[in-house]
Amino acid sequence: DAVVYWMRMEDMRIYDNRALAQASVQALKDHVPLLVFFVLSPQDYAAHDRSPRRVDFTLRNLCVLKGSLAKLDIPLHVTTHASRRTLPSYVVSFLQSVNATRLFANIEYEVDELRRDITVCNLANEAGILPTLVHDKLIVEPGLLSTKQGKPYSVFSPFQRQWLAAINKNPNQYLAEAVSPSANPPTVRDHPILGKMFSSEVPSRVEGFQCLDKHQMAVIWPAGMDAAREMLRRFLRTKSRHTQSGLADPLGEGAETSEKKSRAMAYKDDRDRADRDSTSRLSPYLAAGVISSRECIRAALELVGATKVHTNRDTGIGMWIQEIAWRDFYTHVLAAFPRVSMGRPFQEKYADVQWETNPEHFEAWRTGRTGVPIVDAAIRQANTMGWMHNRARMVAAMYLTKDLMIDWRLGERVSLHAAIIDGDLASNNGGWQWSASTGTDPQPYFRIFNPYSQSEKADPNGDYIRTFVPELGTVFGPEIHNPPAKLADKLGYPRPLVDHKEARDRALRRYKNPGSK
Ligand code: FAD
């Protein structure tokens, strides 16, 4: 007999993992070994636009986990199953092959994943294996917070207020660390089936998801819980450098500093500066569940000696915790309004907005050659680092949807599919729909960023642009934000694809009367 914890792409950690903690307690109670199981599912990755970098990050994390679990005499069994449709029966036949009595997993809230897991639960029950699905991804689980009318929140501010109240009323329920898994008895290594799993290898790649820059990614985004914790420590305790590090190892930079001046404490003032290495860069680790959001909040509170969670905008820590609340919010929206994960706008009245079909413009955007330096720097940052600063994401997404008037769904798919390592369906969808004004943002559609003034605020000296757009590497002064045509031609930098004012007028027309040109 055995207890199995089924690890997925979003909960890749040993510590503070609720399903794993429960599985371990059960295994101890039943005096049976605990086994961790992971299925690589190429069809799922293709269907959900997983980027090769994200898949590679998964494999690298599995390698680290394999070693850490082995120290606890817990085998990690990694297999590949090609067909999405037959995945549930494949999982259950695996459970039967190891005589599993119990199955534990953390819930994934996307529609396809929920459907898959319901089928797995039904098949497992039929086979006499008791399944348990656990809430773990968020601080507050979907469904717990509702408006006075009993409806799910569709606006962030009131959601956040209730989110805070719930946590502060019962911090133990929401922030307590899940118990760490206990070691298996070493005799598990003599087990006829489980014993062999210790020497099996994690595949080095998944068919169709070749990560061409895997060594570079491994330097920028090292795998494993220790790396994630180091990233958190770096954010909370070390000082930001003044310019973007580009391809440098982010773990290596930034001197230890008094906590008063750390990135976290300066977050309130610095977070919108794309030229500064001022945010945590934890998104790849949170998206893959290499670190829990509970741990992030516990560490942030500890830094300032606070006992209550707050999102007070006066402090860096409060603002940062607010970002974790955004992460929860977008997953709550996804769970309550599943249409958003099916390519539908949250605000259905915008379903008929007329989009431009312009493959040349889209290609220019995708490759960072729009002729608007801040947009090109943003896209090229994603293409080189697999990650983009939040302000840069907003500017680039707004430019695609409002200036080029290209469908947000194309941007959503491409950003996940091609480049980013932190792809998370809920946050990405939320961010794209925010930028396209089709989402939960109560601000109306006429919020249209001027990319040039955004550039002046996010990158006042042009350091960010010069780092990622080498054609403009010799341009200093205000011209960097909108190079004159002659200068651009001389430097081999493209001219802007559209005139911002004309594009703005077009967007206003189309949003005002969805359906009209
Ligand atoms: P920090 O500023 O240090 O914030 C800490 C954590 O809070 C982040 O790691 C993230 O988990 C969460 N967070 C921060 N901002 C947001 C936000 N606006 N919405 C939801 N969660 C947030 N984030 C992703 O994790 N994956 C995505 O695929 C993704 N796609 C986006 C697409 C667009 C168009 C936009 C506008 C935003 C997107 N975001 C996405 C949100 C945000 O840009 C990133 O989470 C953030 O830039 C990550 O950097 P960081 O870890 O340094 O963030």
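Start with the ligand and pick the helices around it: helix 12 (283-287), helix 14 (316-336), helix 17 (390-403) and helix 19 (425-435) each put at least two residues into its shell. Helices here are DSSP runs of H or I with at least four residues, strands are E runs of at least two, and both are numbered from the N terminus. A quick word on the ground rules: this is a predicted model, where local features need pLDDT of at least 70 and side-chain atom pairs count only at pLDDT 80 or more, while totals for chains, interfaces and linings use all residues. Residue numbers start from 1 along each chain as its sequence is written.

Which helix gives the most to that shell? Select helix 19, which supplies 6 residues. In total, 27 residues surround the ligand, and the closest are Thr279, Ser280, Asn390, Asn428 and Gly431. A residue gets in if its C-beta atom, placed from the backbone, lies within 6 Å of the molecule. Colour the shell by class and you get 10 nonpolar, 10 polar and 7 charged residues.

Now zoom out and colour by domain: domain 1 (1-136), domain 2 (218-336) and domain 3 (348-512), with bounds from an automatic or database domain assignment. Domain 2 and domain 3 both give residues to the ligand shell, so the ligand lies between them. Their centres, taken over C-alpha atoms, are 24 Å apart. The contact between them takes 20 residues from domain 2 and 25 residues from domain 3, counting C-beta atoms, placed from the backbone, within 7 Å. On the domain 2 side, helix 14 gives the most, with 5 residues.

Next, select strand 4 (residues 100-106) and strand 5 (residues 130-134), which pair in the parallel sense over 5 bridges; pairing takes at least two DSSP bridges. Phe104 sits opposite Thr132 in strand 5.

Last stop: colour by pLDDT, the predictor's confidence in each residue, from 0 to 100. The chain averages 93, and 96% of the residues score at least 70. Where does pLDDT stay under 50? Select residues 243-251. For the model overall, ipTM is 0.99 and pTM is 0.96.

Notes. Ala, Val, Leu, Ile, Met, Phe, Trp, Tyr, Cys and Pro count as nonpolar, Asp, Glu, Lys and Arg as charged, and the others, Gly among them, as polar. Two residues are in contact if their C-beta atoms, placed from the backbone, lie within 7 Å.
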